[in-house]
Amino acid sequence: MNYSYLSNLDYNAGIYIRLSQEDKDKKYESDSESVSNQKDILKNYCKNNGFNLVGEYVDDGYSGTNFDRPGFVQMIEDIKAKKINLVIVKDLSRLGRDHVMTGYYIETYFPENKVRFISIVENYDSMKNQASNDSSTFIIACNDYYSKQNSLKVRNVLDSKRKAGKFIGSKPCYGYMRDPDDKGHLIPDPKVCEYVKKIFDWRSNEIGVSEIATRLTKMGAPTPAGYKNLPISSRLKEKDEWSIHAVNKILKNRMYTGDMVQHTQTNVSYKSKKKITLDENMWIIVENTHEPLVDKETFMLINRKKKNKNRTYQKRTRPERLLEGLLFCKECGNRLGVLYRKKQDYWCINCNKYTRDPVRRMCVSHFFAYDYFEELVLKQIKKCLDDLFKDLDYKELNDEIIKRTKSNSNDYVKRKENIEKEQNKIYESIHTLYQDRLDENITPDQYKLLSKPFEDKLKDLKIQLEDINIEIIKRKHNADKIPKYITKIKKLLNLSNPNRDLLFSLIERIEADKDRNITITFKYDILDTHTFKYVDNRVRNPYGRNGKNS
């Protein structure tokens with residue numbers, strides 16, 4: 001790139017500063033690597049060279065192996081908005097340590113967006129044709145190699161500490177704290193360890209997990225999430241309310257027996273923050289490293305009972321009720337379960353999320369007597385379909401649904417065409433790069449580096465295209481099924497007792513809210529959603545276990 005017709009005053013510069021946690025630990029480099037010193041160096045460079053400084057972008061404590069950093073993302077947005085046309089960094093490793101992505105931004109993204117790039121330490125300037133620019137590829141690769149080797153060294157050190165029984169996690173599990181005299185040693189936390197002891201004591205005396213959670217909440221015991229100030233699950237409403245999950249997590253944690261259990265998860269790679277759970281045989285366990293909060297015999301007894309219970313449990317099989325599987329809770333989105341109440345001898349409906357843990361009110365009760373509910377819903381469905389056939393004849397209805405289906409299909413066809421156009425552009429770019437390689441304008445290594453982002457983009461587009469093709473086929477299939485769908489509606493209207501297959505082919509879902517409003521959604525948008533109020537003035541369900549047809 002050569003913009004020799006531009007003066008320095010024509011450049012709106014953005015200075016980019018990055019400091020990772022590893023850099024902060026290097027005391028011998030702290031003077032030059034700190035955020036304030038990087039900023040001073042870059043500002044002075046702009047001043048001495050007459051550049052117009054318009055933006056400062058800082059990422060403090062972010063790794064260079066990924067580019068999902070707030071400062072960097074903002075800089076890219078400002079480039080898109082044409083606010084800056086010059087990026088300056090102290091050295092290439094500040095921009096990034098992933099050789100593929102760093103190379104992509106320097107060699108492809110910045111030139112395509114007419115952005116000049118300068119790295120002070122390496123004397124790299126994309127506007128100038130100079131020998132120092134040629135070494136950038138090697139330096140970028142070295143920075144990536146350094147990150148990989150540094151990651152391996154850190155992992156080896158951490159594994160050594162784990163095998164020595166030293167705790168290396170960010171926060172100890174609930175009930176423990178770091179020993180002030182030895183950060184790798186755990187001691188009971190006097191503020192909460194007694195609650196952990198109570199949990200194991202209660203459970204060993206056959207007190208249920210739900211009851212334990214209720215007792216802890218009433219006692220005002222701080223929850224693990226609340227005590228550590230951690231983000232809470234979407235299933236919980238408040239941090240000070242104990243859940244069954246929180247109690248079970250403590251009961252299954254071997255750390256409370258005095259054994260150090262670590263390396264249960266690991267990162268996918270040194271460039272990714274995504275974690276995967278390891279098989280139990282890969283865990284690093286060192287016995288008797290800290291004071292236990294429960295003896296091993298009690299811990300094993302509690303967990304053995306749980307395993308035995310899970311192993312011998314067999315789900316009771318029974319015929320499904322007519323609407324079962326179509327019913328959903330409006331408030332939480334979970335299914336509404338259909339259950340048999342043995343003592344009262346009738347079937348009922350309620351929210352699965354509520355019934356799993358009613359004490360902690362994860363949702364609200366959505367109780368209905370099932371058979372009467374089914375009776376009302378079927379009446380409403382038939383009423384809707386009767387009204388439909390009064391207003392529209394068979395052909396008009398059939399044509400309308402086909403029209404809607406084709407309209408949706410056309411949207412997908414347009415999206416498919418756009419993706420195919422984008423694919424062709426990328427193929428042309430790769431072809432140009434390949435031609436440059438054949439003409440020896442770039443080296444094979446540079447070709448690999450520059451073509452990698454294009455190849456990754458092609459993979460993403462291929463996946464998108466496959467999904468769109470599937471949708472197009474589905475919608476064509478739906479259009480072919482419309483006449484059959486109309487036939488099923490007529491069949492439903494003529495049946496006094498419709499079957500499940502017929503209902504599932506016509507109805508998308510049936511939702512109930514806490515105010516007992518019932519909403520029916522039909523498939524293919526053949527009808528607008530229909531809502532009615534559930535009213536039941538009876539004392540109890542009169543139908544009994546076998547339903548109204550018994």
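1. Let me start with burial: a residue is buried under 20% relative accessible area, exposed over 50% and partly exposed in between, using a 1.4 Å probe and protein chains only. Arg-94 is buried on that scale, with a relative accessible area of 1%. Asp-91 is buried as well, with a relative accessible area of 6%. The side chains of these two, Asp-91 and Arg-94, meet in a salt bridge at 3.6 Å, N to O. A salt bridge here is a side-chain nitrogen of Lys or Arg within 4 Å of a carboxyl oxygen of Asp or Glu.

2. A word on the basis of these values: this is a predicted model, where local features need pLDDT of at least 70 and side-chain atom pairs count only at pLDDT 80 or more, while totals for chains, interfaces and linings use all residues. Residues are numbered from 1 along each chain as its sequence is written, and side-chain values use heavy atoms, with hydrogens and water left out.

3. The salt-bridge count comes to 19. One place I would point you to is the network linking Arg-254, Asp-259, Glu-287 and Lys-296. Asp-259 is buried at 1% relative accessibility, whereas Arg-254 is partly exposed, with a relative accessible area of 29%. Glu-287 also forms a salt bridge with Arg-254, the closest N and O atoms being 3.3 Å apart. Glu-287 lies in the loop between strand S11 (284-286) and helix H13 (296-312), and Arg-254 in the loop between helix H12 (244-251) and strand S8 (260-262), so the pair ties together parts that are 33 residues apart in sequence. Helices (H or I, at least four residues) and strands (E, at least two) are DSSP runs, numbered from the N terminus.

4. On to the rings. Rings of Phe, Tyr and Trp (its six-membered ring) pair if their centres lie within 6.5 Å, and planes under 30 degrees apart count as stacked, over 60 as edge-to-face and the rest as tilted. There are 23 aromatic pairs by this rule. Tyr-105 and Tyr-109 make an edge-to-face pair, 5.5 Å centre to centre with 70° between the planes. The two tyrosines are four residues apart in helix H6 (residues 99-112), so about one helical turn separates Tyr-105 from Tyr-109. Tyr-105 is buried at 12%, and Tyr-109 is buried at 10%. Both belong to a cluster linked by ring pairs, whose members include Tyr-16, Phe-67, Phe-72 and Tyr-124.

5. Charges over rings deserve a look too (NZ of Lys or CZ of Arg within 6 Å of the ring centre and within 35 degrees of the ring normal). Arg-69 lies over the face of Phe-72, at 5.4 Å from the ring centre. The charged end of Arg-116 sits over the ring of Tyr-11, 4.9 Å from its centre.

6. Now the sheets, in which two strands pair if DSSP finds at least two bridges between them. Four strands form an open sheet with mixed pairing, in the order S12-S16-S17-S18. Its edge strands are S12 (327-329) and S18 (530-533). Strand S17 (residues 517-522) pairs with S18 in the antiparallel sense over four bridges, and Thr-519 stands opposite Thr-531 in S18. Another open sheet has three strands in the order S13-S14-S15, with antiparallel pairing.

7. Lastly, the cysteines. A search of the whole structure finds zero disulfides (pairs of cysteine sulfur atoms within 2.5 Å). For Cys-363, the nearest cysteine sulfur is that of Cys-329, 3.7 Å away. Cys-363 is buried at 6% relative accessibility.
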